[in-house]
Every structure is written in structure tokens, then in C-alpha cells.
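Here are a few notes to read alongside the model. Keep the viewer open and look up each residue as you go.

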Amino acid sequence: MTTPDKSPGSTDELRQSVLHGAVTIGFALAALIVAWASDDGLRTTLIVAAPIIMLIGALAALWRTYRCWRSGGRWQIWQGASWFMLAMFIVFLFGTGPALLT
């Protein structure tokens, strides 16, 4: 039985993936907050942009997953981050949908 890898790179990957997720969610929430304080055209644009920001963040995490997998790194961390952000994309998408219909 082998012991888990406790190399500095594994904690660095975790830190980077959490930071990536936090920044992505922060930008999407900031877009929604500015949209609520804005008027017609800008409001609609930012409401549409918030889920797109989440989708771009999730796709970037998937790309990072692929790069880590190809290099033999800890790709599972990035895969977990990308699944979380894809779920948040769905939440943002369905959360902003009713605002677009009004």
C-alpha cells in the first residue's frame, strides 16, 4: 500500500483551484450586483453575462484538468472544481432566467 502524495505541488493545486473558483464566482456575483443597480440595457447584458462568466470559468477549469492529466499531475482537484462551477453555472442560469422574462 502506498501513501498519498504530500508534495508541495498537491497543496498548490488545491489552492489554485479554490482561488480559481472563488474568483469566478466573485466576478459572476459582481456582474449580478451591478445588474441589479443598473437600468434596462446594461441590466439585461449583465444578467446574461453572469452565467456566461461561470461557464467560461468551468471550461477553463476543465482545460486545466486536461493539462494536469497530460502532465501526470493531480487532475482530480481541477475536475472537482470544474464540476462545482458547472453546477453553479446551472444555478446562475436558472436564477437569472426569470429576470430576463420580465
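1. Let's start with H3. At 1.5 Å a residue, its 27 residues should span 39 Å, and its end C-alpha atoms are 39 Å apart, so the two agree. The expected span is 1.5 Å times one less than the number of residues. Helices here are DSSP runs (H or I, at least four residues), numbered from the N terminus.

2. A word on the model: it is predicted, so local features need pLDDT of at least 70 and side-chain atom pairs count only at pLDDT 80 or more, while totals for chains, interfaces and linings use all residues. Residues are numbered from 1 along each chain as its sequence is written, and side-chain values use heavy atoms, with hydrogens and water left out.

3. Which residues does Phe-92 contact, leaving aside neighbours within four places in sequence? They are Ala-28, Leu-29, Leu-32, Ala-50, Pro-51 and Met-54. Contact means heavy atoms within 4.5 Å.

4. Finally, find Ser-38 in the loop between H1 and H2. Ser-38 counts as buried because its relative accessibility is 16% (buried is under 20% relative accessible area, with a 1.4 Å probe and protein chains only).

Terms used: Helix = DSSP H or I, 4+ residues; strand = E, 2+ residues; numbered from the N terminus. Buried < 20%, exposed > 50% of the residue type's maximum accessible area, 1.4 Å probe, protein only.
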